[in-house]
Amino acid sequence: MKTEHYRILEKSKITDFLDKLNTISKIAAPVYKGFNNYAFQTIKSAEEVSLKYIPTVIPPKKYFLPTKDSLLEFTVGNELKVEPTVEYENLILFGVHTCDIAGIRCLNMVLSDKPKDTAYLIRKKHITIIGLECNDYCDEFASCAFVGAHLPTTGYDLMFTELEDYFIVHIHSTKGSDIIEKTGLFKPAQTIHMEELKVLREKKSAIFNNEIPTERRYLPDLFDRSFNASIWKELEQKCLSCGNCTAVCPTCYCFDIKENVDLSLQAGERYRVWFSCQLDPFAKVAGGIDFRRERSARQRHRFYRKFRYHIDRYGMVFCTGCGRCSRTCMAGIKLKEVLTSLIRESEAKIWRKWL
Ligand code: SF4
Ligand code: SF4
């Protein structure tokens, strides 16, 4: 950790910082919405921002992949005219937890792979990310240490870490260093600050213990043995197929394409909307065949998309441990319990082989 990449902001100046930031660009930040719910939304003043919050109901992916995203407009006159459309704006996302930054990194990986998602990439270029590190678990649903998303690594422009009476801020990009310059409230970090940061990280490694009784590196083997695990049938009885778990997931990116055609039939718009592998029509193909008709197959697919398939393709687990799916599920399906059940069943099978 090099001191030159760090700055100090006294806690008493965080309000001034946010108000100055608001003069530079539009800001979205976590705001309390009541009943222990938070949402990222654009703010007018620093007072609206919650510095302590559990993951927002919808993750910040909504700024990169809007729920409804216009793709093109067309007119039919003497000839067909098609205009691609991309809606974007300069935005600073303030207070993004490390798990949500990990989620954005997953989206980056998929949506910059071929065929590139131009609209996503244009939006990403115009969004600045200011992270806020968690020094403790947000609640019992989090499993961010299991997937390695509890520490800042990369994917942000600035990272704020709260210490006793100041924030230590890591500068990770030129966009981040421009903000430091323009707001003019930061002091250079000294060796003592770096030592305090080191102590905090040591404390964190004691707090953030592995939340699931296995290690990340064993996930491919576990899932290779679990295709016919009994938990999938149990989930068949519980899951309501509402799709909430995928809507709130920071790494889910599936969408459906729709069109609105003007009543004159002379003009229209093509757009995409979020879609979910947990909904009945998702896997329906021509001929009315649905290759994941049972809810057990859909739930299994969700877990394999998070913990198996993307390890082969991108070398990454596509779960950030944010806990949103468990927090939101009306049927009480908990990700940590499902993984633990897979581990226990798999261990029991191995033991039976040896006995
Ligand atoms: S939120 Fe729960 S009930 Fe709804 S689809 Fe997901 S697992 Fe099923
Ligand atoms: S699967 Fe659940 S815990 Fe994992 S990233 Fe998605 S919402 Fe968060």
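1. How many bridges join β7 to β8, and do they run parallel or antiparallel? Three bridges join β7 to β8, and the two strands run parallel. Strands here are DSSP runs of E with at least two residues, helices are runs of H or I with at least four, and both are numbered from the N terminus. Two strands pair if DSSP finds at least two bridges between them. Within this pairing, Gly131 has Met159 of β8 as its bridge partner.

2. A word on the model and its numbering. This is a predicted model, in which local features need pLDDT of at least 70 and side-chain atom pairs count only at pLDDT 80 or more, while totals for chains, interfaces and linings use all residues. Residues are numbered from 1 along each chain as its sequence is written, and chains are lettered from A and ligands numbered from 1 in the order in which they are written.

3. Now the eight-stranded sheet. It is open, its pairing is mixed, and its order is β3-β2-β6-β7-β8-β9-β1-β10. The edge strands are β3 (37-42) and β10, each pairing on one side only. Helix α5 (residues 174-183) packs on this sheet. The helix α5 touches β1, β7, β8 (158-162) and β9. Contact means that the C-beta atoms of two residues, placed from the backbone, lie within 7 Å. The direction of α5 makes about 140 degrees with that of β9. Such angles run from 0 to 180 degrees between N-to-C directions, with axes fitted as lines to C-alpha atoms, for helices over the stretch in contact.

4. Look next at β8. Four of its five residues are buried, so β8 is largely enclosed by the rest of the structure. Buried means that 20 or more other C-beta atoms lie within 10 Å of a residue's own; exposed means 12 or fewer, and partly exposed is in between, with C-beta atoms placed from the backbone. A hairpin of three residues joins β8 to β9. The two strands pair in the antiparallel sense over five bridges. Thr161 stands opposite Ile168 in β9.

5. Strand β1 (residues 6-10) has two partners to check. With β9 (residues 166-171), β1 pairs in the antiparallel sense over five bridges. Leu9 has Phe167 of β9 as its bridge partner.

6. Seven bridges join β11 to β12, which run antiparallel. Val261 stands opposite Gly268 in β12.

7. Where is Ser264 found? Ser264 lies in the loop between β11 (255-261) and β12 (267-274). Ser264 counts as exposed because it has 8 C-beta neighbours inside 10 Å. Ser264 and Val76 are 188 residues apart in sequence, yet 10.0 Å apart in space, C-alpha to C-alpha.

8. Compare two helices. Helix α3 (residues 98-111) has 14 residues and reaches 20 Å from its first C-alpha to its last, close to the expected 20 Å. The expected span is 1.5 Å times one less than the number of residues. Buried residues in α3 include Thr98, Cys99, Asp100 and Leu107. Among the elements that cover the buried residues of α3 are α2 (61-64), β6 (91-96) and β7 (127-132). Helix α6 (residues 191-207) has 17 residues and reaches 25 Å, close to the expected 24 Å. The helix α6 is hardly covered: its count of buried residues is zero.

9. Last, the ligands. A residue is near a ligand if its C-beta atom, placed from the backbone, lies within 6 Å of it. Around ligand 1 there are 13 residues, the closest being Cys239, Cys242, Asn244, Cys245 and Cys329. That shell divides into eight nonpolar, five polar and no charged residues. Ala, Val, Leu, Ile, Met, Phe, Trp, Tyr, Cys and Pro count as nonpolar, Asp, Glu, Lys and Arg as charged, and the others, Gly among them, as polar. Around ligand 2 there are 13 residues, and Cys249, Cys319, Cys322, Arg324 and Cys325 come nearest. The shell around ligand 2 has seven nonpolar, four polar and two charged residues.
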